[in-house]
Amino acid sequence: MYKRQGLGVVFAGALASAGAAVVVSDIDGEAAQAVADGLVTNGGRAIGCRVDVTRDEDARAMVDLAKREFGGVDILVNNAGLARGRWSLGIELSTDEWNQIFAVNVVGAVVCARACRESMTSRGGGVVVNLTSMGAYRESGAYSVSKAALASLNNLLAAELGPDNIRVNAIAPGMMTAKLPPEQVERVVSGQKLQRQGSPADLVGALLYLCSDSSSFMTGSTIRVDGGMIRGHI
């Protein structure tokens, strides 16, 4: 599951360069196809499709497309995310806003994993990578609460899908090209052991490792890619 900007575009390119056939999915189908077209132009195998991760029928259609075009599903990257409320007081968000954030950021990961399960199992197993956040470990709005829930879900899915030989792991990025005021960026970076802001490219190594046989005995784990954030400064 890929977004049309930021992390998703980088992830799709990295997986395609590593030889994977990529289904680029986004709630904006035209944008997803544009990313896929770019991968094909560069010699990759890719196709785009519109997917609302909160809808079972959309997730099933995504899997059906992967079966028709590429034979099935081996890897699922749950990268779809809704950041509304990230910097807002959670107590001030409406119930509908809370429900929407959790529907996309948490339940969406279940919807996509459930849709991919049968295809992965029929192929001998598979890999699910969930994108959580270092924000899950601090009080920073509804977005952070949803990412903490996703971190817990990562462990649940690992336990439930392990018997199917489906490994489930997570990447917890630190601040990656977030559009923040310079003073806030400086405050976050000052609380890291590495004194620079991260970028999506910094996550590629962790992604490819978790998707490869090199991590074949890992499941239910989370790799922090955060510049060595000091807990009190997260």
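**Figure 1. Arg45 in the predicted model.** At 48% relative accessibility, Arg45 counts as partly exposed, a class that lies between buried (under 20% relative accessible area) and exposed (over 50%), with a 1.4 Å probe and protein chains only. Arg45 belongs to strand β2, residues 45-50. Helices (H or I, at least four residues) and strands (E, at least two) are DSSP runs, numbered from the N terminus. Leaving aside residues up to four places away in sequence, Arg45 touches Gly19, Ala20, Ala21, Val22 and Phe70; a contact means heavy atoms within 4.5 Å. Gly198 is 153 residues from Arg45 along the chain, and their C-alpha atoms are 28 Å apart. The model is predicted, so local features need pLDDT of at least 70 and side-chain atom pairs count only at pLDDT 80 or more, while totals for chains, interfaces and linings use all residues. Residues are numbered from 1 along each chain as its sequence is written, and side-chain values use heavy atoms, with hydrogens and water left out.

**Figure 2. Helix α1 and its cover.** Helix α1 spans residues 7-17, and its buried residues are Gly8, Phe11, Ala12, Gly13, Ala14, Leu15 and Ala16. The cover over these buried residues includes β1, α2 (29-41), β3, β4 (126-131) and α7 (204-211). Gly19 follows α1 and has a positive phi, near 105 degrees.

**Figure 3. The second largest pocket.** This pocket has a volume of about 390 Å³. Of its 20 lining residues, Ala21, Gly72, Val73, Asp74 and Ile75 are the closest to the centre. Two or more lining residues come from each of β1 (21-26), α3 (56-70) and β3 (75-78). By class, the lining has 15 nonpolar, two polar and three charged residues. Ala, Val, Leu, Ile, Met, Phe, Trp, Tyr, Cys and Pro count as nonpolar, Asp, Glu, Lys and Arg as charged, and the others, Gly among them, as polar. On a 1 Å grid over the protein atoms alone, a pocket is an open set of points where a 1.4 Å probe fits, with protein on both sides within 12 Å along at least five of seven lines; lining residues have an atom within 4 Å of a point. Points are joined across faces, edges and corners, and the volume is the space filled by probe spheres set on them.

**Figure 4. The fold around these views.** The protein has seven helices and six strands. From the N terminus on, the elements run α-β-α-β-α-β-α-β-α-β-α-α-β. Along its principal axes, the C-alpha trace spans about 50 × 35 × 35 Å. Of the 234 residues, 49% count as buried.
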